[in-house]
Amino acid sequence: MRAVIVAVGVAFLISLLCTPIAIKVFTRLKAGQPIRAEGPAHQGKKGTPTMGGVVFILATVIAYVAGHLALTTLPDAQIAQVEPTITALVLLGLMVFSGAVGFIDDFLKVRKRHSGGLNKRGKLFGQILVGAIFGVIALWFPSSMTDASGAATNTETVGSTMLSFIRDIPALEIGKIASVIVIILVVMGATNGVNLTDGLDGLATGASVMVLAAYALIAFWQYRHWCADPTYTADPDNYCYAVRDPLEIALIAGAAAGACVGFLWWNTSPARIFMGDTGALGLGGLIAGMAMSTRTILLLPIIGGLFVIITMSVVIQIISFRTTGKRVFRMSPLQHHFELAGWSEVNIVVRFWIIAGIGVAIALGLFYSDFLASMG
């Protein structure tokens, strides 16, 4: 637990203290966010520096290193994952390289002084490529943890060849190739979901904090009831989770949540900096990795319920307009519909945060109730 707390604190402080520096740097570089002319009146935000996601992505990576340094101070009996793992490579890789796709998009927007950056095909290709690379790594590199006698105690991979809800579902074994495809789809869904939600000051940041905090709790619970922990599995009646490196997952999720809280200080209304596609795609990639590594892929639509609702508003709007020529919403994504209906930006953000919190609470309730049922 100490390592997770250290990572959260370090990430929060780095993000809180370094975001003002990023604001000054991006302002001098004239890396202002272009604003669409149509839709709600956001022209007052024109020129606000973007690409702020760079700060909390770097803060997460640095905090991960700090968390590992804290692990080395623990008693030997508590050290399970002192060395960096493939799990960390996959999770941080998804965050950094998804963020890199977003950075290219942001850079092109700033350079062109237009809200259209990387074209849809380019962004889609980038998402597929990132998902495929780290999906393969997640499924082809099993853990090699052994006990004192040299016997294997954990041969799990980061990802699973089964679909999962609260845990793997043996009846839904789909094989490695299909699993990579599923991972790609999850990465695409999560990155686009967070990106579409990022339209109002602090909205996507606050929602992401809740989702990442939930995954930190899930992963730490899995660590405390881990099949690879001999001190826990000594009792045959204990229910355990067959995952790889849950402490790593909790550490990274906690670090990212802490970094987002530090960034939110400057991103809340009126925002002094935007996360941009750099941050939105980076967070989406990490959230997708969390669902994969904790074996809760089918639980993700509930944990990230707000992202799903907002994404579906766009899908519904497109389908309705193309089939009937009519719009269901005044504007999509959904937050802009309520802006045009007269809601204030702060009201929309806070109420949408409540929706995000409800989704997280339901998901955590389902997760814990499954554990109680297994113990009963």
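Helices (H or I, at least four residues) and strands (E, at least two) are DSSP runs, numbered from the N terminus. The model described here is predicted: local features need pLDDT of at least 70, side-chain atom pairs count only at pLDDT 80 or more, and totals for chains, interfaces and linings use all residues. Residues are numbered from 1 along each chain as its sequence is written, and side-chain values use heavy atoms, with hydrogens and water left out.

Side chains of opposite charge can pair when their charged atoms come close. The structure holds 8 salt bridges, each being a side-chain nitrogen of Lys or Arg within 4 Å of a carboxyl oxygen of Asp or Glu.

A salt bridge joins Asp-105 to Lys-109, at 3.5 Å from N to O. Because these two residues lie 4 residues apart in helix 3 (residues 86-112), about one helical turn separates them. Asp-105 also pairs with Lys-123, where the closest N and O atoms are 3.2 Å apart. This second pair links distant parts of the chain, with Lys-123 in helix 4 (residues 120-140) and Asp-105 in helix 3, 18 residues apart. Lys-123 and Asp-105 are both buried (under 20% relative accessible area; exposed is over 50%, and partly exposed lies in between, with a 1.4 Å probe and protein chains only). Lys-109 is buried as well.

Another salt bridge connects Arg-167 and Asp-370, at 3.5 Å from N to O. Here Arg-167 sits in the loop between strand 3 (162-164) and strand 4 (168-173), while Asp-370 belongs to helix 13 (residues 345-375), 203 residues apart. Arg-167 is partly exposed, at 36% relative accessible area, whereas Asp-370, at 17%, counts as buried. Finally, salt bridges with shared partners join Asp-105, Lys-109, Lys-123 and Asp-277 into one network.
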